[in-house]
Amino acid sequence: MYHGWLVDNPTMLDVLEGALGPRRNADGGFGPAASIASEPEPTAMVGVALADDRARAWLAEHQADDGAITLSIGTVERDLTSVAALALGPGVTRERALDHVERLRAAPAPATALVPIRDDLQGFPWTTHTSTWTEPTAWGLLALRKHRASAVERIDEAVTVLRDRSCVTGGWNYGNRVAFGVELPPFVQTTAIALLALRGTAEDVAEPGLAALERLWRDESEGPLSLATATAALRAYGSPQALPAATALRRAVAQPGGLDTMTLAWGAIALGEGLDRMAAS
Amino acid sequence: MSHHDQVPGAGAGRHRIDRRRFIVGAAVVAASGTGAFALRRAREANAPVPWDRDAFPPPTSARVAVLRADSYDADLEGLLEDGLREVGAEVRGARVLLKPNLVEYDPGTSVNTDPRMVAAAIVALRRLGASKVTCGEGPGHRRDTRYVVDASGLADALAAVEAPFVDLNLDAASIHELRSRYTTLGQLWLPRAVTDADVVVSMPKMKTHHWASVTLSMKNLFGCLPSRLYGWPKNVLHWEGIEQSILDITGAVRPALQIVDGIVGMEGNGPINGTPKQAGLIVIGNDPVATDHTATRLMGFDPSAIVYLDEAARFLGTGDRDAITQVGEDPEPLVTPFVAAPGNGEIDVSG
């Protein structure tokens, strides 16, 4: 759906994809940076960015019996099943992953006067048995809207969570609208991911979110991950600011120091066909 | 030499303080929430200690230097070098990881350790013989670490002293079995930059904290845990109890040195939305408990009333004022009462 937009950016896309290639580990997956063991999240993001079969195979190999694709950190697990479901192609593996995503719920968190949230809602957590946060909820929503539209109740709840957590000025931060009497500001990266998840729905929060992103992305343009995610969301919403954001991203990619795998993958998604596999509609 | 003696070579005007006087007038910060309650239960009579005794031998020589610096334009390199010498910092030939606080970036606030302090510390550590000094942080609220480092001015400060930065959120990590059991985690994943360092220097901002009362060199270590594993924020640590997590993480990382940036701290609604507080202080130590207890007193609070600080003194270091060799300035006239944060002690399970 966005292919024509690539015309202006093929060289940069080549650069990003070329940088990802050598990052691949012998097992077919990707680590968060060069020479680090493969992990589900960067592998899944490369899978989304490049429709990469070896990355998909790595994810399938690491799927648990319950469909989950996680990273164990002792007594808890970082759950990456939502982003993995976006990377996987059609088939049993993806359906089992989506089954898990549909079941996955954050732990209830009590609202307090200091941190007023709707405590009747359960979004998605970063790690098992913990509470709702913006980014994992956006990933869960995105996976279900993209590939499991029948999960109506879970989708509606996740949309409502993002509505509840949207900042007073529009957009999203890690997950608190107000804390200790202070209206907390939105961040570019979290706003962009939430917007991708909400594309085509919840205009009451998506529109102010987009306005916030269009207002903020230049302020955070020192960050290549922020630029890449912003470009992806701006492009998905057809914002006239997508092209200047992509231009800024081009400059950031050219800076010395190298970029981590997630940023490279996000850059490739922002400019390439991976956005088709990412943005809900 | 008793532990009350001055460090040889301490400068003019530096003297041992009367620690009994130092505590007088210190306000009490209530820590009455669930986490604090759980910690207190751990101290009930006959309860087994929640740490391996062989892993935490009794501390021997806690030294803490209190220094004055009215602004970041002061000779920070010289001050920090002197302070580190006075606490007996042993870094010759060592690979040092310097861990400042950059939990997130918000322009115009005092959330972060000042980049000028970080750069000055790097120079000072090199002068003392460190073979390599690396700056590392794993921001807890922001996923785009490059943005935080650049926007905060840290990138420029590090470039000026040609020091590398490691994103602890992305660094290779390995399992570290915990030798204390305040949380149920059992193990922590620690970045290679932390485990490979000969010396970890915790370099916090002097701030109040709405859940932990104060955030200093021990709470600052939350940033050592990779967010790609623990999330943004590292919510599992909140579920396990912030105070319990502070104790287990400190027991795992064991920062040998601490440099507290209290030139401009934060009071009130910290650690993010508080008010800048001109305190004009730098606190340097070789024992995280002694350093944090001293800094807490300088903020006008009683560390024994902050449960995690009190608990830490059982096994992670020295909280007893009489066992801390205090060098540098006389801290008593330097006590600068901070406005306490609201909501101290409540467990943070908010989303």
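**Helix packing in chain A**

Mentor: Helix H10 (residues 224-236) of chain A packs with helix H11 (residues 242-254) of chain A at an angle of about 155 degrees, their axes lying 9 Å apart (axes are lines fitted to C-alpha atoms, for helices over the stretch in contact, and angles run from 0 to 180 degrees between N-to-C directions; helices are DSSP runs of H or I with at least four residues, strands are E runs of at least two, and both are numbered from the N terminus). H10(A) and H11(A) are therefore roughly antiparallel (over 145 degrees, where under 35 is roughly parallel, 65 to 115 roughly perpendicular and the rest oblique), and their crossing is left-handed (the near helix is turned anticlockwise from the far one by less than a right angle; clockwise is right-handed). From H10(A) the contact (heavy atoms within 4.5 Å) draws on A:Pro224, A:Leu227, A:Ala228, A:Thr231, A:Leu234 and A:Arg235, and from H11(A) on A:Ala242, A:Ala245, A:Ala246, A:Ala248, A:Leu249 and A:Ala252. By class, this contact has 10 nonpolar, 1 polar and 1 charged residues (Ala, Val, Leu, Ile, Met, Phe, Trp, Tyr, Cys and Pro are nonpolar, Asp, Glu, Lys and Arg charged, the others, Gly among them, polar).

This is a predicted model, in which local features need pLDDT of at least 70 and side-chain atom pairs pLDDT 80 or more, while totals for chains, interfaces and linings use all residues. Residues are numbered from 1 along each chain as its sequence is written, chains are lettered from A and ligands numbered from 1 in the order written, and side-chain values use heavy atoms, without hydrogens and water.

Another pair in chain A is helix H6 (residues 134-147) with helix H8 (residues 188-198), packed at about 20 degrees with axes 8 Å apart; H6(A) and H8(A) are therefore roughly parallel, and their crossing is left-handed. Among the residues that meet are A:Trp139 and A:Leu142 of H6(A) and A:Ile193 and A:Leu196 of H8(A), and the contact has 9 nonpolar, 3 polar and 2 charged residues.
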